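Hello,

Please read them with the structure open beside you.

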Amino acid sequence: MRLAIIFLFVVLSIGCGDSINQKTYPVTGEVRLGGKPFKGLTVVLRPVDKTNFKRQEIPQGITDENGKFSVHTYTTNDGAPAGDYKIGIALMQPLDDEGGDQVKRDPSQPIVPIKYADPETSGLKATVDKKATVLPTIDLTQ
């Protein structure tokens, strides 16, 4: 019985501690390629200062049919922590339904230049404020 009480105390103590999740703020944006909306692009925000990201979280979102996206870090549409980010954008589609890790491209879709896939080479940056942030429209050039 005594062991059960100690165990319960330890579990409750851990559960009541500070969360390691950072506070997030809603972030939305839009991606266009040659001025047209592009569906299915993964937009990744890589923090410039990674010291506050204890679990190496990477805020990201996926564009809808209008090229619009909403960022999530921990849960759906929760946004991203305030700070400066470099942005990477790529088309990530599985090869098949069997869990293939290859990327396929729909031949009817235009090609996204490879430089945008890496936040270090894309030249794209963003700042997330401590409030809801709407990023400027990102228009990728071919």
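**Salt bridges in the model**

Glutamate 30 is buried, with a relative accessible area of 11%. Please keep in mind that this is a predicted model. In general, side chains of opposite charge can pair when their charged atoms come close.

The structure holds six salt bridges, and one of them joins the side chain of glutamate 30 to that of lysine 68, at 3.2 Å from N to O. Because lysine 68 lies in strand S5 (residues 68-70) and glutamate 30 in strand S1 (residues 27-33), this pair ties together parts that are 38 residues apart in sequence. Lysine 68 is partly exposed, its relative accessible area being 40%.

Another place to look is glutamate 120, whose side chain meets that of arginine 46 in a salt bridge of 3.8 Å, N to O. Arginine 46 lies in strand S3 (residues 41-47) and glutamate 120 in helix H2 (residues 119-122), so the pair ties together parts that are 74 residues apart in sequence. The side chain of glutamate 120 also meets that of lysine 86 in a salt bridge, here at 3.0 Å from N to O. Since lysine 86 belongs to strand S6 (residues 83-91) and glutamate 120 to helix H2, that pair ties together parts that are 34 residues apart in sequence.

As for accessibility, glutamate 120 counts as partly exposed at 48%, as does arginine 46 at 29% and lysine 86 at 26%. Finally, Arg46, Lys86 and Glu120 are linked with Asp118 in a network of salt bridges.

Best wishes

Note on methods
Residues are numbered from 1 along each chain as its sequence is written. This is a predicted model: local features need pLDDT of at least 70, side-chain atom pairs count only at pLDDT 80 or more; totals for chains, interfaces and linings use all residues. Side-chain values use heavy atoms; hydrogens and water are left out. A salt bridge is a side-chain nitrogen of Lys or Arg within 4 Å of a carboxyl oxygen of Asp or Glu. Helices (H or I, at least four residues) and strands (E, at least two) are DSSP runs, numbered from the N terminus. Buried means under 20% relative accessible area, exposed over 50%, partly exposed in between (1.4 Å probe, protein chains only).
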